[in-house]
Amino acid sequence: MDDPYQNNVYQQGTGGGYTTYGGGGDQDGYGYQGDYPPQEEDAASDATEGHDEDDEMYEGEYQGIPHPDEIKAAQRAARAAARAKARVEAEGLDEEETLAEQYENIIEDCGHGRFQWTLFVVTGLALMADGVECFVVGFALPSAEKDMCLSNANKGMLGLIVYVGMMVGAFVWGGLADKLGRRKSLITALAINSIFAFLSSFAQGYGFFLFFRLLSGFGIGGSVPVVYSYFAEFLSMDKRGEHLSWLCMFWMMGGIYASFTAWGIIPHYGWGFSMGSEFQFHSWRVFVLVCALPAIASLIGLMFMPESPRFLLENAKHDEAWMILKQVHDTNWRAKGEPERVFTVSQIKTAVQDDEFIEIQSATGTAFQRWMVRTMTLVKQVGNKCIRTCIRCVQYHKPCETLLCFSYYGLSVWFPDMIKYLQYEEYESKVKVFHRERVEHFTFNFTLANQVHKEGEYINDKFTNIELKSVKFEDSMFEDCYFEDIKSTNTFFENCTIKSTVFYNTDLWEEKFIDCKLENTTFLHPKKGCHINFQEENDIVIYLVSFLGSLAVLPGNIISALFMDKIGRINIIGGSMLISAGCTFFLFMSFSQAAIIAWQCLFCGVSVAAWNGIEVITVELYPSSKRATAFGVLNGLCKLAAILSSSIFSAFVGITKVVPILMSFSALVCGGLLALKLPETREKVLQ
């Protein structure tokens, strides 16, 4: 049987080959040339049959213009020589090519084309799912709190639980991606997110919903650490900064997707269904279900993508790595109309192993004991690597990213909360107050809204088939009254006396009566659960704020992608954070909803460049054996900063704007100055 790779054997002198890869498997590398019989001198592959190399001539050759491939080869050789010289001067090593440099040359030879763009979409959908997860609970909460009768404490816990899950997930999946593989870890993480996001949409009780959202956040927490490490290891040095910045746009698309679907689904009550009185599936649950689609789409796409060859090389799986690199090479050049290009790599160097995975014989102990040994060894190695990486993160750029996270996520909560507060102030300014009114033998069959009734007397009155919106009765008396088919929102009776009164089919329960005196009062067929008012609880302005805030980062994404490799990562990060600090002072002029929306868009559009720069520099600062772990540690601590800042900033809403603004300004200035001291990685080969 013919060997399928017979025509891909490395030959000295072929165009675009690697003159340092030959030698067939000495102790410094893994050779492929000796594994297959050499081609005969006159042999030709099927791809090149019918082509005479002597007859093909580059049209610029007559004018002495070098071929583009020759220019790339010369640039590659110059960069390799410069790196070797720098390595000799800095570390006193010999000029032998390292695995990192060889891998960089291989990726350059594979080209940038169809394979990378396919992986770009697949991993981008996973990043989009992470962006969606940050908005799901915030959009669903106004309806969910009424559907499940949540207290203020429960609402706060539900808002934070997703970030807690994402924080833990980032630590876990980042470490596992460096031990088990990028693709395998990302598939498992997205599967967990999809399953529990699906289950949370059907959970009727608060406890189950909270638990499912926690596990959903735990799953999606692995998206950012793994996605950037995975995609970056298929990019050459001259493409890395730009295309990782383009990848960041999917997080923006996640915010737009969540805002748009929430706007289009939640206010429509008819999009849900019910099965009896115990199972209610309202439209906000449909929204939660739809938000799982990006993770599911990415999960399906990953089934057709290979593992990172760099990870395989770090784990001494050279055969698999070689096959995947050949697949990348052939896919790209075939799509570019050059199928005759041959993958010429014959030898790949071996990586130095940091630690060994303990293996035991199948005859040793029981299956459970062997599984426990392997599991505990994996946990210990991942934990030790996280600790070492965390220490290194502090030495590098963790303070810079933490300060950016603290400011960004804090203001992300502060903006919509301030808009709600301004809406509340405007609503309160229009409240109607009634003093000592006396109403007898009257039927209230119209909506009462935004009213306060003090020291009133209601005798033999009927309240039938009406809505009570933000109505408060204080020090009033109800005698021989009848309430039927009442729907209430933010309605209370305080210090009232209620005599000989009947409440039939209403949602007025004990919590609505504060320090009230009930005499001969009857409650018949009380409504279970809480009433959802889709017009009141789902303000279009909140969806619009998130939509515009997500869309505003588009110019910043484009600018950072175009200039990431031109002006450097450090200048992008430092400049973006310092300009963002200046933008925070405009918040002192936020006296209206329109002004807050405008300053939010400005802040998000400027600060996104710093985010993109941090993602790129994180990829380039850490070696392949610790890259995903470092991302996990950084992202986990970033979520911790988000939890702290969102709690602190929201506490000052309605009290003062000075403290949140000054805290954001200080954090961004300190982070920007620290960023300028980071090492530039623009010309750095992935280690």
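Helix 19 and helix 22 are roughly antiparallel to each other, a label given to angles over 145 degrees, while under 35 counts as roughly parallel, 65 to 115 as roughly perpendicular and the rest as oblique. Before I go on, the source: this is a predicted model, where local features need pLDDT of at least 70, side-chain atom pairs count only at pLDDT 80 or more, and totals for chains, interfaces and linings use all residues. Residues are numbered from 1 along each chain as its sequence is written, and side-chain values use heavy atoms, with hydrogens and water left out.

Back to that pair. Helix 19 covers residues 569–584 and helix 22 covers residues 658–675; their axes come within 8 Å and cross at roughly 160 degrees. Axes here are lines fitted to C-alpha atoms, for helices over the stretch in contact, and angles run from 0 to 180 degrees between N-to-C directions. Helices are DSSP runs of H or I with at least four residues, strands are runs of E with at least two, and both are numbered from the N terminus. The crossing of helix 19 past helix 22 is left-handed, that is, the near helix is turned anticlockwise from the far one by less than a right angle; clockwise would be right-handed. On the helix 19 side the contact includes I570, I573, G574 and M577, and on the helix 22 side it includes I661, F665, L668 and G672, with contact meaning heavy atoms within 4.5 Å. This contact has 12 nonpolar, 6 polar and no charged residues. For the classes, Ala, Val, Leu, Ile, Met, Phe, Trp, Tyr, Cys and Pro count as nonpolar, Asp, Glu, Lys and Arg as charged, and the others, Gly among them, as polar.

Second pair. Helix 3 (residues 114–147) packs on helix 9 (residues 249–265) at an angle of about 45 degrees, with the axes 7 Å apart, and the two are therefore oblique. Helix 3 passes helix 9 in a right-handed crossing. Among the residues that meet are F120, D130 and C134 in helix 3 and W251, Y257 and A262 in helix 9. By class that contact comes to 15 nonpolar, 5 polar and 1 charged residues.

Third pair. Helix 4 (residues 152–180) and helix 5 (residues 182–202) have axes that come within 7 Å and cross at roughly 140 degrees, so this pair is oblique as well. W173 and D178 of helix 4 are part of the contact, as are R182 and K184 of helix 5. Here the classes are 6 nonpolar, 2 polar and 3 charged.

Now the cysteines. How many disulfides does a search of the whole structure find? There is 1, where a disulfide is a pair of cysteine sulfur atoms within 2.5 Å. C405 and C638 form it, with their sulfur atoms 2.0 Å apart. C405 is in helix 15 (residues 398–429) and C638 in helix 21 (residues 627–651), so the link ties together parts 233 residues apart in sequence. The angle about the S-S bond is -95 degrees, a left-handed link. C405 is buried at 0% relative accessibility, and C638 is buried at 1%; buried means under 20% relative accessible area, exposed over 50%, and partly exposed in between, with a 1.4 Å probe and protein chains only.

To finish, the whole chain. It has 22 helices and 18 strands, and buried residues make up 50% of its 687 residues.
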